[in-house]
Amino acid sequence: VKVAKEAGATIVNVTNNYNEQLFEMTDYAIYAPASSEALFGRSGSARLVQLSLIDCLFATIANMLPKQSTENIDKVSRITKHLHLPL
């Protein structure tokens, strides 16, 4: 998040847990509380809600700004290339 923020990214935090250090760098916070669903447990339910929110946000923004979205995806790929494991 720190690297992304320094590169000028807008930080959207989707969480069910308050973390002060992360929130200091967050531009927008979306709270996705966990349920007590027995099948997945609290953390599993929260992850599903968070992934759904992220997917909806990404699809909406990518459709609204296709050129900028493609450029940003390429930029993130270049910046995080060192984190990828060789096949």
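1. **Ground rules.** Residues are numbered from 1 along each chain as its sequence is written. Because the model is predicted, local features need pLDDT of at least 70 and side-chain atom pairs count only at pLDDT 80 or more, while totals for chains, interfaces and linings use all residues; side-chain values use heavy atoms, leaving out hydrogens and water.

2. **Overall layout.** The chain has four helices and two strands, taking as helices the DSSP runs of H or I with at least four residues and as strands the E runs with at least two, numbered from the N terminus.

3. **Surface and contacts.** About 7200 Å² of the chain is accessible surface, and 60% of that belongs to carbon and sulfur atoms (Shrake-Rupley method, 1.4 Å probe). Of the 87 residues, 15% count as buried, meaning under 20% relative accessible area, with exposed over 50% and partly exposed in between (1.4 Å probe, protein chains only). Among contacts (heavy atoms within 4.5 Å) between residues at least 6 apart in sequence, 18% join residues at least 24 apart.

4. **A buried residue to look at.** Asn13 sits in strand 1 and is buried, with a relative accessible area of 6%. Leaving aside residues up to four places away in sequence, Asn13 touches Leu22, Phe23, Thr26, Tyr28, Ala29 and Ile30.

5. **The salt bridge.** The count comes to one salt bridge, defined as a side-chain nitrogen of Lys or Arg within 4 Å of a carboxyl oxygen of Asp or Glu. Asp27 pairs with Lys5, and their closest N and O atoms are 2.7 Å apart. Asp27 lies in the loop between helix 2 (20–25) and strand 2 (28–31) and Lys5 lies in helix 1, so the pair ties together parts that are 22 residues apart in sequence. Asp27 is partly exposed at 37% relative accessible area, and Lys5 is partly exposed at 32%.

6. **The largest pocket.** This pocket holds about 1100 Å³ of space. A pocket here is an open set of points on a 1 Å grid over the protein atoms alone where a 1.4 Å probe fits, with protein on both sides within 12 Å along at least five of seven lines; lining residues have an atom within 4 Å of a point. Of its 28 lining residues, Ala4, Ala9, Thr10, Asn72 and Val76 lie nearest the centre. Helix 4 gives the most to the lining, with seven residues. By class, the lining has 19 nonpolar, eight polar and one charged residues.

Definitions and conventions: Points joined across faces, edges and corners; volume = space filled by probe spheres on them. Nonpolar A, V, L, I, M, F, W, Y, C, P; charged D, E, K, R; others polar.
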